[in-house]
Amino acid sequence: MKIPQDILTDLWVLGGGEPSALDTVTLTGREPMLPSTFRVGAAAQVTIATAGLAAAEIWRARSGQPQGISVDMTHAVVECRSERYLRVDDKPPPPAWDAIAGVYRTGDNRFLRLHTNFPHHRDNVCKVLACKPERDDVQRALMQWKGEDFETAAYAGGCVVSMMRSHEEWMATAQARALEQLPLIQIEKIGEAAPRPWPKGNRPLAGLRVLDLSRVIAGPVAGRTWAAHGADVMLISSPHLPSIPWLVIDTGRGKLSASADLKTEQGRDTLRGLLASADIFSQGYRPQSIAALGFSPEDAAQISPGIVYVSLSAYGQAGPWAGRRGFDSLVQTSTGFNAAEGRAAGGDGPKELPLQILDHATGYLMAFGAMMARLRQAREGGSWHVRVSLAQTAHWLWNLGRLEIGLAAADLTRDQVLPFTEQNPSGFGALQSVRHAAVMSATPALWERPAIPLGASAPLWPLRS
């Protein structure tokens, strides 16, 4: 089983990093960090460290100044559960799940997980099942279905669900076989463009402009990470799409927030205008959806030659599930984690991982991949496409190995978490939130802008110094 430093080395080399830069990184802490048989502490620590090291390499390219990076495993795990530790005016998060979200049995005695936190997903489930949005009604209706049949019908009906599979069952699927051919992160040149000089600034990403078209956790965490290193990150939201307010606050720290309805020509014009001078375009749409709006990777490279385009998906860009919607909890269920944790705990049903590590780790991998692509752009020119998925992160996490005594670990106490939090004002009230876990010796990570409500900013970039 590899130690975290070796896992970090593998990630860094995969992203095209210079191996000598690894000498500047210090990793502290020991597993198990949370009650899980999976190496969630190591995954949190090394993905945050790769993003921090990429920021440090950009700073060295801009200034000639090296710096040390340290990541403590406890701090990393706390940051990868930042949404549960957020406090607004001393109030804790509201309930995280919709009333009918969660686990059910089907008529063939399989377990099924429904994700219904957005109203349209809940309504679509009830439409496919022809039932009321109440747990007992949903369960009765599902007893008339085989698990895989409902999963297939539900996706066709615009739902977001997952049947629980063992890891062996998952690896036997055509989707898993397709992903086995792909690396954890793909960084590809997709067009010609002149190298872009680094703007002036006193932080690694100062003056770089990032468009963040993502929701929920993974994509927004990537945007929050770029902001922590000084980028001007503009979150673009639609006035017609639902959101989860608590996640908007937690992942909105450091960002501007503008509104654009991409179903209208005016909204698309607004986005094209912003994209024309952007450095990074980050999005979590399904491939056919973003292309239909006129913002495919190739479209973006035409509008803004030299762009770094980042694509996030649930199940990867290849295979029969490439177009499926998904969230962390569902990918955990599909790929074998819930079944494996359930068995390790002595049950036959699903047991979730103690944090949404697929989301958070994928967010840091997005941030890392984009920064490495931007370094290459500055050296070689070109437009670049970075691709990651929750399912590929799941495959990587599984292959890190298991911790035999992991479930015996104690969960973190409030007293253990508090040292990693900070107090700041925001557009929502006084925030207590988690600081960034990558500690940089020369350019400390911080969020200069407070979290603000969706659409509160004008769709205009700040002037570059």
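This is a predicted model: local features need pLDDT of at least 70, side-chain atom pairs count only at pLDDT 80 or more; totals for chains, interfaces and linings use all residues.
Colleagues, the largest pocket has a volume of about 1000 Å³. A pocket here is an open set of points on a 1 Å grid over the protein atoms alone, with protein on both sides within 12 Å along at least five of seven lines. Its counterpart, a cavity, is a set of points where a 1.4 Å probe fits but cannot get out, and lining residues have an atom within 4 Å of a point. Grid points are joined across faces, edges and corners, and a volume is the space filled by probe spheres set on the points.

Residues are numbered from 1 along each chain as its sequence is written, and side-chain values use heavy atoms, with hydrogens and water left out.

Helices (H or I, at least four residues) and strands (E, at least two) are DSSP runs, numbered from the N terminus.

The second largest pocket has a volume of about 720 Å³. Its lining comprises 28 residues, with Glu-83, Ala-96, Trp-97, Asn-117 and Gln-356 nearest the centre. Helix α11 gives the most to this lining, namely three residues.

Four cavities of 30 Å³ or more are found in the whole structure. The largest cavity has a volume of about 210 Å³ and is lined by 19 residues, among them Arg-215 and Val-248. Both β9 and α11 supply at least two residues of that lining. The second largest cavity holds about 50 Å³, and Val-248 is one of its lining residues too. Strand β10 (residues 255-259) gives the most to that lining, with three residues.

Finally, the sheet. Three strands form an open sheet in the order β1-β2-β16, with mixed pairing; two strands pair if DSSP finds at least two bridges between them. β1 (25-28) and β16 (438-440) stand at the edges with a single partner strand each, so one side of each is left without a neighbour in the sheet. β1 and β2 (residues 69-72) run parallel, joined by four bridges, and Thr-28 has Asp-72 as its bridge partner in β2.
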